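Me: I have a structure here and would like to know what stands behind the terms used for it. Could we go through them together?

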Amino acid sequence: MNSSPWWKEATIYQIYPRSFFDSNSDGEGDLPGITSKLDYVKSLGVDAIWLSPFYTSPNKDGGYDVANPRDVDPRFGNLEDARELITQAHKRNLRVIADIVPNHFSDQHEWFQAALKSKRGSKERERFHFYDANEDGTPPNNWISLFGGPSWTQVEDGQFYLHLFDSTQPDLNWENPEVNADFEQTLRFWIDLGVDGFRIDVAHGLIKEDVLTNHPDPQGLSNALRLDVAMDSEERNALLLTVPYFDRQGVHEIYRKWRKLFDSYTGREIMAVAEAWVHPPVNATRYVRADELHQVFNFDLLTAEFDSDVLFDVVERSISLNATVNALPTWALSNHDSPRVASRIGDEQARALALFVFGLPGSAYVFAGQELGLPDGQLQDSDRQDPTFFRTNGAIKGRDGARVPLPWSGDTTPFGFSTAKPWLPISQSWKDLTIENELADPKSSLHLYKNALELRKEFLVGAGGITWLESSQHGHKNDSLLSYSRGSITVVMNLSDSAKECDAAGKLIIVSGGTVDARDGKKVIPARSTAWFLT
Ligand code: NOJ
């Protein structure tokens, strides 16, 4: 099957380095730890790894607060370790995607330290968004940070600086050519070290045109923008249409320049995927126009209910909108910012949905641990590290639950992740969910993922578009079923709590749970399950 260029229909495995595998017994995962487990990663059948940030950082936001974007934080190793990781990944035909963070730096970055020591109006301050206070002493506008609390922090001389996230993450001023030049240097640095692509953090946030405009409901907006805050979808969508600091036109000029830079590496096929949750959804397609980036994350599945109409809409919209710019969608059920899918919609439902999306055209992203069916870790407040927890005085628990380290082997926590106390506790209740245990159990979630990814590669990558067979708009006979065909495969998902009959022809090749029976020439799909049939 045609899988060129490599990223087009790739399966990409997201690794949160701090939580993957600890090679030096300090309780935190590191780059050599990842390198030592690449055979496991390869055995999953994925094509690439995306590494969440491992750069020099005071780690106030899990490394998304970068103090030096062209070096490795000693907690994770050094540049030699990064080079070795890339070399070993390539030896196994795994591509490597680095996560870059252009919207903000850490306050420990030398630029911000210099800005603090410089005067208002200085070139050092021009690299960030420094503004004078309003006449009454209040900050320049009423925006609330995405982590809670004001988006502004005051410095000694009375000026405020903008931070859409934590106060230790000052936003960069992308109108400043120095900022542009510095990031180009960073991109080249990692490409020259061997990476095959980039995940661009807050890709929709770089240009701030309306800094002096207040928002009518800044707290509501901040909640709506968080994947871990539940909200009525109508209310959320209405608020998301009003974000004053995301998705400004100017961001596209930046990505056009970056695309030229990527394409200048002939023979390398460097790709980039945008973290750009923008509204209305059609706006996301602008990021993947032919002269911009290669992929944009589709965040809708991270919050969608397990409901046939909702899922049909998400899938259909994503495929058809991307098609307008000749791009393919991306599918993600979990990441380091959202509750784990098994906790959010249930174990069986999570398996069913994974098998459903693995059949679809485009790239599938799998967050490490998702293949095991891990739930969110149950944490005490004293364990928490997410800045959101602190900035909201505990009102929002934050994202640590999804970031608990992986259970590898053995019967006792921390299950081979580390010989020291892990940075977040791993519950003893995860005993059956270790990689070792799941490898030994042919019915495990891990085997489902491995088998599905192998079949995806064999029958579906490059197989073109889908034809809906069952949905509210396509000959729906049963509103508990969602079904499509693609190439030689028919995919049927039963979302209900009881077994349902369907007309799918062909031979069963995989089912996410339970047993598919045949009755009167029909197939009976188990409750909360997806099956693939080969014709
Ligand atoms: C999105 C990242 O995924 C998240 O973890 C981070 O906190 C924010 N961007 C800020 O960088």
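Me: Why are H11 and H14 called roughly parallel to each other?

Reply: Happy to start there, with a word on the source. This is a predicted model, in which local features need pLDDT of at least 70, side-chain atom pairs count only at pLDDT 80 or more, and totals for chains, interfaces and linings use all residues. Residues are numbered from 1 along each chain as its sequence is written, and side-chain values use heavy atoms, with hydrogens and water left out. The axes of helix H11 (residues 347–358) and helix H14 (residues 445–460) cross at roughly 15°. Angles under 35 degrees count as roughly parallel, therefore H11 and H14 are roughly parallel to each other.

Me: What makes the crossing of H11 and H14 left-handed or right-handed?

Reply: The crossing of H11 and H14 is right-handed: by definition, the near helix is turned clockwise from the far one by less than a right angle.

Me: Which residues in H11 meet H14?

Reply: Arg351, Ala354, Leu355, Val357 and Phe358 in H11 do, and their partners in H14 include Tyr449, Leu453 and Arg456. Contact here means heavy atoms within 4.5 Å. Ala, Val, Leu, Ile, Met, Phe, Trp, Tyr, Cys and Pro count as nonpolar, Asp, Glu, Lys and Arg as charged, and the others, Gly among them, as polar.

Me: How many cavities of 30 Å³ or more does the structure hold?

Reply: There are six of them. On a 1 Å grid over the protein atoms alone, a cavity is a set of points where a 1.4 Å probe fits but cannot get out, and lining residues have an atom within 4 Å of a point. The largest cavity has about 370 Å³ of space. Of the 22 residues lining the largest cavity, Leu146, Phe165, Leu225, Glu275 and Asp337 are the closest to its centre. Its lining divides into 10 nonpolar, four polar and eight charged residues.

Me: And where does the largest share of the lining of the second largest cavity come from?

Reply: From helix H9 (residues 308–323), with five residues. The second largest cavity has about 200 Å³ of space.

Me: What makes a pocket something other than a cavity?

Reply: A pocket is an open set with protein on both sides within 12 Å along at least five of seven lines. The largest pocket holds about 800 Å³ of space. Its lining has 36 residues, with Arg236, Leu302, Thr303, Ala304 and Arg344 nearest its centre.

Notes: Axes are lines fitted to C-alpha atoms, for helices over the stretch in contact, and angles run from 0 to 180 degrees between N-to-C directions. Helices (H or I, at least four residues) and strands (E, at least two) are DSSP runs, numbered from the N terminus. Angles under 35 degrees count as roughly parallel, over 145 as roughly antiparallel, 65 to 115 as roughly perpendicular and the rest as oblique. Grid points are joined across faces, edges and corners, and a volume is the space filled by probe spheres set on the points.
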